[in-house]
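Thanks for coming, everyone. I would like to walk slowly through a few residues, so please keep the sequence and the structure in view while I talk.

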2 protein chains.
Amino acid sequence: MRLWNGWGNEDSDLTMELSDGLRALLEALVGPGTALSQATLNEVIAKVPNTRLDDHPQINTDPETRVRHARGQSLPDWLEMHSGNVDTFPDGVAFPESSEQVRELLAHAKENNLIVIPYGGGTSVVGHINPETSDKPVLTIDMAKMNSMLSIDTESQLATFGAGAPGPVVEEELKKHGYTLGHFPQSWELSTLGGWVASRSSGQQSLHYGRIENMFAGGTIETLNGTMKIPTIPASSAGPDVREMILGSEGRMGIITEVTVRITPLPEKEKFQVIFFPSWEIGISAARELIQQRVALSMVRLSNPLETTSLLYMGAGSDSSGVVALEESLSKKGIGEGKVMMTFGVTGSARHCDAAYQLALDHCNGLGGVADESGLGENWAHGRFRAPYLRDPLGAEGYVVDTMETAVDWSKVSEAAENIEQAIRTALDDEGEQVHAYTHLSHVYGQGSSIYTTYLFRIGKSYEQGMNRWMKLKKAGADQIVAHGGTISHQHGVGSDHKNYLTAEKGKLGIAAINSLCEQFDPKGQMNPGKLLPDDKH
Amino acid sequence: MRLWNGWGNEDSDLTMELSDGLRALLEALVGPGTALSQATLNEVIAKVPNTRLDDHPQINTDPETRVRHARGQSLPDWLEMHSGNVDTFPDGVAFPESSEQVRELLAHAKENNLIVIPYGGGTSVVGHINPETSDKPVLTIDMAKMNSMLSIDTESQLATFGAGAPGPVVEEELKKHGYTLGHFPQSWELSTLGGWVASRSSGQQSLHYGRIENMFAGGTIETLNGTMKIPTIPASSAGPDVREMILGSEGRMGIITEVTVRITPLPEKEKFQVIFFPSWEIGISAARELIQQRVALSMVRLSNPLETTSLLYMGAGSDSSGVVALEESLSKKGIGEGKVMMTFGVTGSARHCDAAYQLALDHCNGLGGVADESGLGENWAHGRFRAPYLRDPLGAEGYVVDTMETAVDWSKVSEAAENIEQAIRTALDDEGEQVHAYTHLSHVYGQGSSIYTTYLFRIGKSYEQGMNRWMKLKKAGADQIVAHGGTISHQHGVGSDHKNYLTAEKGKLGIAAINSLCEQFDPKGQMNPGKLLPDDKH
């Protein structure tokens, strides 16, 4: 069973403990943490009010089930669940097993004027699935039981799944036929196909496989106004693309029940390589050149100097002698202070991988890059879903870590990255509180790059203090994102946390257009209200 | 100056005449043509009614200007213009020079309840820019004067143009900086950037450069409800993509005035190669394998047996000895009757081109393909914008040629292509009239392919008979497209000719959603009414 208030499953062997080395490093960076007492599941269950829903054969109103669907995985969610300061719960949770059952539930919701929250893996980090305070009863519809592969067409490289299928099920089913979806967001172990579509997700190897926008070929959406079937068509000039209305709809238009995705034969070969460059600017140029020269990589990730050092030393734990040796060796090759670390990947046929790998190496060497020979690339691949597991052991010692991310054109990358990171780093200066912030480029495009800033700070003396700090950090980072013309989210979505920054990106007419779409499908505003659209929708 | 009733400019040296060989071939295929008398420009000008517009400094109400903006380049347009049977004209034409002037014109239109038709190159083949019969005065806004490059950001590989910039201006301006857009639809010489966005255009090398959806990074749209600015952002998970609402909007939401596109450095090298395969099925497999193996080509085009033979002999004209020799030589290599012709292209750096070219050749050879050594690939590239010029000389001798196109998943390609072509070939059987129809795949995707059928028939004894034949042919082809789950248009758009087939593709809810977007921007239905949306919009 999933942890009720953290990342992963209760029986996972991936629970982590902080090493003494990491603890010492954290103390040095932001000061000693203060462990706070944590609410128990029973304490939170005791806070669940009586349901406002009438009995319904498909709806579970058990308080524990309602607690387990009350929050996602954002930092505010974590703080609320751990402090026990949870004040909204769904009134009930349904687990439909078919599109027909979803239609029945929506008809029931329409008749009884319920609020409906579609629920996939519950991994949202921006408040997508949290119930708002509302006069109306709230029904969460958990898609977990609609998780099968329904059909596969290998000739057209298409497969259809129930929208509740999580990453591992998708890959396991496709693997039986020799295929992969290749969509690996960091939440991959728990997040679902329907959730990826609803939140316009991007995976670690999207440079090869595409973002979910490129994979989503069609599907079925159940709405309060009827069923919408989107047929699979390779490309069309016939008017605005209906797929694009559903992508990023965040449950506001309906419930995605079936998803057809474009699949790819399992790769013959896959390789990840770390390259060090002497400076952030040179690293950025190298990343830009690789993508603009269309070197056929599966990923390019570039850590800035502070992230490079942080990751090397955090990864090393108590014994940093290996890192020291690596740094000495790099230094002899001209890669010293200010160095940055790039990880690139290749995937596909052996012939393709070998050619792309060599082309990438040649480019990097030409720009002063030095290839790692100690297997750091494979280490990255091995640990690439682990970061979320670290939040609980950190939190237990009074530290929290969160991230902010955007994407901007290349001509703005350097300045935006610096200013976002700096704004976050200094956001708690008024409290004299240190924030450790570092940045990487996680996804590159011909036009620009995503910017992903990780920040670590102390919760403080209370969960309330932690929440207050988080709000200051979020605002500081988001204001810089908006000031640099970046998207408020490259890969996490809007939810409730980002909605009031959306007008800067879409414009008033764009917001009004999205609102008109939502109203078309959901005239009374019953579907996931309070998410996606800003409070002032016009 | 543009021809008033045909393709190209009055002083073009690309006007063609039919060779005796082609004339004999046409007679053999569909019978002798009957030349019909053609209306003169003055005869059509004489039919122009008085304008219903009040004087306005920006609006030209001269009858000739109104004739020259009355029709696009569809076959019905051609028949109407040549017969002089034109019954609707815009009441006036404006040629704004700035977004501010467009805003003034829209304010004027709003105040006076005018119909507004945005006009780019006037090259629509589905009735996009034709005025409907209406009680309201019709104002066509021709974007020809907003055709400059406004800015370029080579670091982010972005350039902004006035939306009226036609293909050659776009390429000429970018070339000065060492860049290309790489968007080459067959209408490239005359069609415009704004028109490409409004109609979701696809170019001949879109496999490398992407469709216009992939190139359109942002821009400005003037609507009756205000100005919409879409910022350039490389990728975003922040809700539905506003760009995708404008792409394919066909003038229903507003007038695109500025377009920012993703550009690419001019290629070091470019090559087009023809390969012959022994059969249509083997050719389809080869095309599918090339794309699904992600061989980095710029285009793959595959003619079916009838198109292969037709193109070879039509291209040869009176002296077919070269074709006979080619066929004999191919026959010795096992490529005989039923053979098909593939053209593939590579573009980019020399290193990239050489690798992709060799990989493609290896794949093709492995599937029984034989590479042409007589330069047919370069011939194709040389003549690739010529087909539209052939319509006038054909028409002058009583023949008309038109095309229908769609895209379907690979598992449906073979059957759909056969049934569409066959439906068109037999659509005039009740008149005992021959139709020469042949097909190629023009754009391939991992999931499927476009299908492009060309058909040639005799106008008959009158333009009315020609129009009646065309309607039967269109319906026969479109019904088969719908029956096979294809898009009603992969690259031409919807306009008026395809609008009543759109519900089959988008579903009732999808149509209602698109309609709600149009109403959001244009509550009174003044923008290009009668296009895109089916007559029954809900």
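A:Arg391, if we leave aside residues up to four places away in sequence, touches A:Gln73, A:Ser74, A:Leu75, A:Trp78, A:Val401 and A:Asp402, where contact means heavy atoms within 4.5 Å. Before I go on, please note that this is a predicted model, in which local features need pLDDT of at least 70 and side-chain atom pairs count only at pLDDT 80 or more, while totals for chains, interfaces and linings use all residues. Residues are numbered from 1 along each chain as its sequence is written, chains are lettered from A and ligands numbered from 1 in the order in which they are written, and side-chain values use heavy atoms, with hydrogens and water left out.

Back to A:Arg391, whose side chain reaches the backbone oxygen of A:Gln73 at 2.8 Å. A:Arg391 lies in helix α16 of chain A, residues 391-396, helices here being DSSP runs of H or I with at least four residues, and strands runs of E with at least two, numbered from the N terminus. Its relative accessibility is 13%, so A:Arg391 counts as buried; buried means under 20% relative accessible area, exposed over 50%, and partly exposed in between, with a 1.4 Å probe and protein chains only. UniProt, in an unreviewed entry, places the feature "binding site" at A:Arg391; such positions follow the numbering used here, feature names are shortened, and annotations may be inferred rather than shown by experiment.

Next, two loop residues of chain A. A:Gln157, in the loop between β5 (149-153) and β6 (158-162), has a phi near 50 degrees, which is a positive value in a residue other than glycine, and A:Gln157 is buried because its relative accessible area is 8%. A:Arg294, in the loop between α11 (280-292) and β13 (299-303), also has a positive phi, near 60 degrees, but A:Arg294 counts as partly exposed because its relative accessibility is 35%.

Which residues does B:His208 touch, not counting those up to four places away in sequence? They are A:Arg294, B:Leu297, B:Ser298 and B:Thr347, and B:His208 itself sits in helix α8 of chain B, residues 206-209, where it is buried at 14% relative accessible area.

Finally, the largest nonpolar core has 198 residues, and those with the most contacts inside it are A:Met342 and B:Met342; such a core is a set of buried Ala, Val, Leu, Ile, Met, Phe, Trp, Tyr and Cys residues joined through side-chain atoms within 4.5 Å.

Technical notes:
Polar contact = N/O pair within 3.5 Å; in protein donor to acceptor, adjacent residues only side chain to side chain.
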